[in-house]
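Subject: Structure for your review

Dear colleague,

Please find the structure below, handed over for your own work. My notes on what was found in it follow directly after.

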Amino acid sequence: MGGLEHATPGILVTVAFAVLLLLYELRRVERGYRHFIRRIPGIDAVEGAIGRCAEQGRAVVFTTALTDVGPVLYACLGVLHAVAKRVAGYKLKLIVPQYSPEAMVIVEDAVRGAYNDAGRGAAFDPQSIVFLSSEQFAFASGYMGLVHREKAGAAFMFGVFAAEALVLAEAGQQVGAQQIAASVSPEQVAFFICTCDYTLIGEELFGASAYMSREPVQVATLAAQDRLKLLFALVIIIGVLGATLQSIYPTWSLPTVDLFFTTEWSSLTW
Amino acid sequence: MVTINSSDQRARLIGIFTFLGGIYFFLYFVLPESAISFIGVKDRHEAISNGFIVIGAMAIGLGLFNLVSAHGTRIVFKKIGWVYSLALITGLVCMLGVTSAQWLQSLALSAEQQRSQIISEFAQRIIDDADKTTATLTVPALQVRVDALKLYGFEHLSVLETKLLGQRGASSLLQHELQKNIATVREKLAQLDAVSWGELSPGSATLLKEVVTSGAKFSVARGAYLREAAATTTVQQLYTLLYEGFFNQLGSAMFALLGVYIAAAAYRAFRIRSVESALMMAAALIVMLGQISFGRMISDDMPALRQWLLEVPNSAAFRAIRLGAGVAGLMLAIRMWLSIESRSFSAGKKR
């Protein structure tokens, strides 16, 4: 199924269910329900990486790379907030190279908030949020130069990446930085696995900030997305079973799962 | 008494605008196409979407400000690496200056071509207006309009010919083509004197149509001539040097680094230290061997095995990652839209 301009009834029901599920989980968490979140070794290593920078007096670099304003950026902000808070606590230098000017403003706000939360608002330097370029490889070369000049002790790469992923990760490798990457771009995950100490794959990026902060809103979102994913997995299994049965018994006319999502409003009879 | 501080008000305002912006796109997506067309939004959707893009584009100024402020400070106080900052600011100013000059030049070029298009468009307009009923028209008489067309046409062509005499830059072939077209249009305009213009007869309409056709050809030839002449200007050559000569080449050089980095990364990743890295090594080996003819020498099944690896386990993993990220993105988008945000993200909040 290609991109949709307008939702079909099936998709409308799914979106409505997602909204209700999120609101339900929020209410549940607010009432004190505690969800279990499995260990994410890459996130556990954040504290160690920052501590190592404190020992060696080296800078911490956090990039959201090609991430523009959208859900992925907000997922990264949760981690950035936690990292910046710890960096502020250790009185380290934080550098956040930026690709998108729109995202830069939001990132700056989040880092300033983290410094305030750490009680070191005055130590926040707006120039630590560096706009490099909106051109992919100009950004990559700027990042490389920055990491080399500052001899970064830890590099966090969270967000959307494309062909520049390996260039960024290699820059950190060359200066011996401890690197933690998280990407929703599956094509780049392999490069990160090869070059970084820890790699978070796909949705782990969205779970990271909930894991670090344990804030009710973030934990509720994580729980809701897991339940919705479970539902989709169930739909996939039903679809596979249906298609298998249909191929074994061709005379049966079983409705396909696809029908639920693709039936248009105009096809419905009232 | 409860007091609302300015940061609370700011957050509330942002929340309201986010919700309003989001609800437009949400309703546009969830409502059936017939309902969207009925309320008249369908035709305006592109304009509304462009409006949102324009608001986003305004942020580019913020990036520019950040660059100038960060690197300007470094240059003024001669901090470490100030020479690099100077190179960056110089590059920025040069590129901005040359691009602006090139943009102004292209505007002037479009205006010039537009002036040449008028002959053909005006003639076509005269034909179109004559086809309509006179009651709905408030245009001057046909004779007056044809006279105006001739006057404008002859004057424009004379000015152009004078310009062409002293101009150089474009190839003589294009100049010759343009001069040939000028002569044709002049001839067709002169032929308009042969008939009376009380009303549009089939014969006079044919003459006007010939002006339309020759005028269109003339405007195309003029456009080609102008573009070629503009390519030889100092501004265009500087732009080509900076953009195609430097910028694109530097980008390609960075991309080329990937080849070396992939080899270095592969060397590190393929050292067999665990079961996972052994699996990775085996999969990579099969994919690489399946890609080259040497693989077929080892086994005829190697390309098929490679294809299976890519299409079955690899695709399954990709789909799982995309599904997980998609669902998580949907939940976060809903949360953003409803402004159910973590309080700690905002700079104004102090706990």
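K151(A), which comes just after helix α5 of chain A, takes a positive phi of about 45 degrees. Please note that this is a predicted model. The buried residues in α5(A) are F137(A), F139(A), A140(A), S141(A), G142(A), Y143(A), M144(A) and V147(A). They pack against β1, β2 (94-98), β4 (154-160) and α6 (165-174) of chain A, together with α9 (234-269) of chain B.

Two further residues of chain A have a positive phi. For A65(A), which is not a glycine, phi is near 45 degrees. A65(A) lies in strand β1 of chain A, and it counts as buried because 26 other C-beta atoms lie within 10 Å, where 20 or more are required. R214(A), also not a glycine, has a positive phi of about 55 degrees. It belongs to the loop between α8 (204-213) and α9 (216-248) of chain A. Is R214(A) buried or exposed? R214(A) counts as exposed, because it has 12 C-beta neighbours inside 10 Å and the cut-off for exposed is 12 or fewer.

C53(A) may also be of interest. This residue is found in helix α2 (residues 41-56) of chain A, and it is buried, since 24 other C-beta atoms lie within 10 Å of it. Which residues does C53(A) contact, leaving aside its neighbours within four places in sequence? They are R58(A), A59(A), V60(A), L92(A), G153(A) and A154(A). As for L92(A), it is 39 residues from C53(A) along the chain, and the C-alpha atoms of the two are separated by 7.7 Å.

Chain A as a whole has ten helices and six strands. Its C-alpha trace spans about 70 × 45 × 30 Å along the principal axes. Of its 270 residues, 50% count as buried. Among the contacts in chain A between residues at least 6 apart in sequence, 71% join residues at least 24 apart.

Turning to chain B, the domain assignment gives domain 1 (6-97), domain 2 (105-232) and domain 3 (270-341). The centres of domain 1 and domain 2 of chain B, taken over C-alpha atoms, are separated by 43 Å.

The contact between the chains takes 60 residues from chain A and 53 residues from chain B. On the side of chain B that touches chain A, the elements that give two or more residues are α1 (6-30), α2 (33-38), α4 (60-76), α9 and α12 (302-337) of chain B. The largest share of that side, 16 residues, comes from α12(B). By type, the residues of the side of chain B that touches chain A divide into 35 nonpolar, eleven polar and seven charged.

Helix α12(B) deserves a separate note. It has 36 residues and reaches 50 Å from its first C-alpha to its last, close to the 52 Å expected at 1.5 Å a residue. Where is the kink in α12(B) centred? It is centred on N314(B), with an angle of about 35 degrees. The buried residues of α12(B) are M302(B), I321(B), G324(B), A325(B), V327(B), A328(B), G329(B), M331(B), L332(B), I334(B) and R335(B). Just after α12(B), S339(B) takes a positive phi of about 55 degrees.

Finally, some remarks on confidence. The model scores ipTM 0.87 and pTM 0.78. Chain A averages a pLDDT of 91, and 98% of its residues score at least 70. The mean pLDDT of chain B is 85, with 91% of its residues reaching 70 or more. Over residues 347-351 of chain B the pLDDT is below 50, and this stretch has ten contacts in the model beyond near neighbours in sequence. Where pLDDT is low, the predicted coordinates should not be read in detail.

With kind regards

Technical notes. Residues are numbered from 1 along each chain as its sequence is written. Chains are lettered from A and ligands numbered from 1 in the order in which they are written. This is a predicted model: local features need pLDDT of at least 70, side-chain atom pairs count only at pLDDT 80 or more; totals for chains, interfaces and linings use all residues. pLDDT is the predictor's confidence in each residue, from 0 to 100. Helices (H or I, at least four residues) and strands (E, at least two) are DSSP runs, numbered from the N terminus. Two residues are in contact if their C-beta atoms, placed from the backbone, lie within 7 Å. Domain bounds come from an automatic or database domain assignment. Ala, Val, Leu, Ile, Met, Phe, Trp, Tyr, Cys and Pro count as nonpolar, Asp, Glu, Lys and Arg as charged, and the others, Gly among them, as polar. The expected span of a helix is 1.5 Å times one less than its number of residues. The bend at a residue is the angle between axes fitted to the seven residues ending there and the seven starting there.
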